[in-house]
Amino acid sequence: MQESEVDELLIASLERLADPSIAHTEQWTRNGLTRTVHFYDYDDYHIWGATGRILASVFELLKNADAPPVS
């Protein structure tokens with residue numbers, strides 16, 4: 001853990017984090033490269049950055065796990 005980047009450890013419910021009403025994305029451009037930044041507003045916490053990217057990836061994998069196999 002990079003202590004200068006982590007303020008607090010939060011134990012959060014994946015079910016609540018999966019609620020689309022608490023999630024949003026923004027397009028950020030830095031050094032000429034535009035990226036999608038994922039945000040989750042969980043109670044008083046604003047989760048984003050690497051954690052937001054990881055959560056978005058987990059939810060995408062879970063969504064695709066329910067999809068029928070591609071043949």
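A pocket, on a 1 Å grid over the protein atoms alone, is an open set of points where a 1.4 Å probe fits, with protein on both sides within 12 Å along at least five of seven lines, and its lining residues have an atom within 4 Å of a point. A volume is the space filled by probe spheres set on the points, which are joined across faces, edges and corners.

This is a predicted model, in which local features need pLDDT of at least 70 and side-chain atom pairs count only at pLDDT 80 or more, while totals for chains, interfaces and linings use all residues. Residues are numbered from 1 along each chain as its sequence is written, and side-chain values use heavy atoms, with hydrogens and water left out.

**Sheet and helix**

Helices (H or I, at least four residues) and strands (E, at least two) are DSSP runs numbered from the N terminus. Three strands, in the order E1-E2-E3, make up an open sheet with antiparallel pairing; two strands pair if DSSP finds at least two bridges between them. E1 and E3 are the edge strands, each pairing on one side only. On average, neighbouring strands of this sheet are turned by 30° against each other, direction ignored. Axes here are lines fitted to C-alpha atoms, for helices over the stretch in contact, and angles run from 0 to 180 degrees between N-to-C directions.

Eight bridges join E1 and E2 in the antiparallel sense. Ala23 is placed opposite Tyr40 in E2. Helix H2 lies across E2 and E3 and runs at about 85° to E2, where contact means heavy atoms within 4.5 Å.

The largest pocket holds about 760 Å³ of space. Its lining consists of 18 residues, of which Glu5, Val6, Glu8, Trp48 and Thr51 are the closest to its centre. Strand E3 (45-47) and helix H2 (49-65) each supply at least two residues of this lining, and H2 has the largest share, with four residues.

The second largest pocket has a volume of about 300 Å³. Among its lining residues are Trp28, Arg35, His38, Trp48 and Arg53. Strand E1 (23-30), strand E2 (33-42) and H2 each give two or more residues to this lining, and E2 gives the most, five residues.

The table lists both linings by class: Ala, Val, Leu, Ile, Met, Phe, Trp, Tyr, Cys and Pro count as nonpolar, Asp, Glu, Lys and Arg as charged, and the others, Gly among them, as polar.

| Pocket | Nonpolar | Polar | Charged |
|---|---|---|---|
| Largest pocket | 11 nonpolar residues | four polar residues | three charged residues |
| Second largest pocket | four nonpolar residues | four polar residues | three charged residues |
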